[in-house]
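Thanks for coming. Please have a look at the display first.

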Amino acid sequence: MRKKSHKSFQVNVHKKAVGIDVCKNSVNVVRLERNGEKISILGSSRAKIEKETGEAKTFAGAVIKSKLTGFPRHCEASVCFNGSPELLQILNLPDSSPDAARKFIQEELRQYAVLPLKNVQIDYCALKGSSEKKSVLVGAAQCEPLTAVTKELEKKNVDIRLIEPAIVALIRACYNKVVKPACNSNVMLVLLHDENMSLCVFSNQRFDFLRTKKFDFDIPESPQQAGAIAHQIDSVVQFYELERVSKQEKWPVFLATSCESAKTKEIARQIQEHIYHKSIEITALDASHTDIICENAANQDFSLVAAGTAMKLLDNDNSGININMLPDEIFEIRKSRKHLVIIANVAAVILLFMFLYMGFLAKKTAGVKNELGKKEQSTSNFNISELMKAQADANDRTVRITRHIDALETVFEDKNWNNWAYILAEVVSKTPGTIQIQEMRARDASTMQLEGLAVNYNAVNDFVDSLNKCKTVSSAQLADTKQNPRYANNVVDYLITCSIKKSK
């Protein structure tokens with residue numbers, strides 16, 4: 001589970017990003033460019049995909065066929081998947097401390113039968129504007145499909161940096177033109193994404209309400225079902241009028257779908273005909289509701305979801321809603337790659353200096369031999385002792401550099417070295433807030449010891465259980481634990497011994 005930290009970004013002078021909206025039967029791709037505060041669309045594509053082959057390769061192939069990723073050049077991209085996350089909900093935290101919030105969210109998610117017991121990616125972010133109780137938006141999804149698509153696109157030089165819910169991307173795309181102006185009223189956003197509906201309400205610019213619902217029909221392909229969508233909208237407005245005592249003359253409702261803008265307008269008209277509350281006015285969202293500049297008329301009809309998720313990579317996000325479902329496995333793989341690149345660069349520098357020194361030594365030896373040859377041919381007086389010293393010095397240098405070469409070859413031939421950067425990163429990720437690691441030491445490649453403080457004995461036992469679940473640790477055992485006299489509140493010292501798995 002990752003919690004987003006708010007960081008300050010510098011405005012990029014020139015940057016490009018790709019946004020991908022994966023639907024049930026199509027893939028929408030948008031390529032955006034940022035120059036200062038100006039965001040322009042460079043191109044958009046809506047490609048159909050085979051219904052019977054909804055695999056990662058099919059999605060990746062459709063994205064590459066759009067010719068917007070800059071293939072074969074590297075590009076950064078963000079993705080919204082159909083049906084992912086499987087859970088998206090606003091929760092009110094009883095305690096806003098990080099440890100209590102994490103525990104509360106985990107306990108809440110265990111009650112949802114739709115989620116599997118293992119391999120679940122969870123992320124959450126705080127919602128601004130919540131004063132009485134701290135509200136958070138929580139998302140959860142299965143890791144396997146997200147990991148598969150990310151790895152498949154990486155093979156095509158498409159680097160996925162963000163996976164987020166489609167409704168979050170839509171909010172970001174139209175926040176400045178739709179949500180921000182409604183400073184003293186309520187505004188509703190509705191996204192119809194295949195058979196999924198996401199409905200959210202902003203009250204005085206605050207993310208106040210969210211409802212997600214999955215129908216048994218494809219919404220854009222079933223216009224006769226407009227009454228079911230209208231009923232959902234009416235029920236939310238009625239809830240605000242009765243429960244929240246929030247009445248207003250006009251209820252602006254902005255609708256977006258995974259279809260073309262013309263079809264979205266037709267769906268909005270059909271839903272309006274079934275609306276009961278006369279105060280509700282439904283408007284179809286299009287490019288005019290965003291800050292994106294469309295200089296080419298051919299790019300006017302683009303996916304707002306794909307554009308919204310690309311805007312996050314361009315550091316353009318006034319909504320403050322950040323949910324990243326990119327699996328932890330992908331983060332760990334990329335960290336390991338960075339460390340391996342650093343190690344390879346250091347090894348290359350060492351080899352370069354070694355070759356330069358060998359060249360210098362060869363030149364020095366050749367000079368000594370040449371000098372010896374000249375003095376052997378000469379009948380003049382020469383100091384044989386000086387020549388012997390020079391030759392001995394050359395031989396000694398040759399022996400030493402040979403030993404260095406042998407040592408380096410031995411290091412590179414040994415394939416059983418441990419990736420300590422990966423091991424330490426995994427141990428840190430498994431360390432709870434109730435544990436403080438003061439010292440980590442490893443006397444050999446198979447054993448590591450952790451020593452530090454814990455708030456109580458139960459925290460130490462939980463930490464040992466977490467270490468036993470590490471991929472790089474074969475076993476973790478509690479070697480020693482005792483009460484710490486320097487601290488109160490049952491603080492204890494601990495010593496844990498870990499056996500490291502051999503690298504393959």
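Leaving aside its neighbours within four places in sequence, which residues is phenylalanine 207 in contact with? This is a predicted model, and in it phenylalanine 207 is in contact with Ile90, Leu127, Leu137, Ile171, Cys200, Val201, Phe202 and Ile321.

Now the core. The largest nonpolar core has 75 residues. Leu32, Leu137, Leu189, Phe202 and Phe207 are those with the most contacts inside it. Helix α4, residues 166-179, gives the most to this core, with 11 residues. There is also a second, separate core of 27 residues, and Ala226, Trp251, Val253 and Ala284 are among them.

As background, nonpolar side chains in soluble globular proteins tend to be buried together.

Next, strand β11, residues 196-203. Eight of its eight residues are buried, so the strand is largely enclosed by the rest of the structure. Asn196, Ser198, Cys200 and Phe202 point one way from β11. Met197, Leu199, Val201 and Ser203 point the other way, and they are buried too.

What joins β11 to strand β10, residues 186-193? Eight bridges do, and the two strands run antiparallel. Methionine 188 stands opposite valine 201 in β11. The hairpin of β10 and β11 has two residues between the strands, and aspartate 194 there takes a positive phi near 60°.

On to strand β12, residues 206-214. Eight bridges join β11 to β12, again antiparallel. Serine 203 stands opposite arginine 206 in β12. This hairpin has two residues between its strands, and asparagine 204 in the turn has a positive phi of about 55°.

Note on methods. Residues are numbered from 1 along each chain as its sequence is written. This is a predicted model: local features need pLDDT of at least 70, side-chain atom pairs count only at pLDDT 80 or more; totals for chains, interfaces and linings use all residues. Side-chain values use heavy atoms; hydrogens and water are left out. A nonpolar core is a set of buried Ala, Val, Leu, Ile, Met, Phe, Trp, Tyr and Cys residues joined through side-chain atoms within 4.5 Å. Buried means under 20% relative accessible area, exposed over 50%, partly exposed in between (1.4 Å probe, protein chains only). Helices (H or I, at least four residues) and strands (E, at least two) are DSSP runs, numbered from the N terminus. Contact means heavy atoms within 4.5 Å. Two strands pair if DSSP finds at least two bridges between them.
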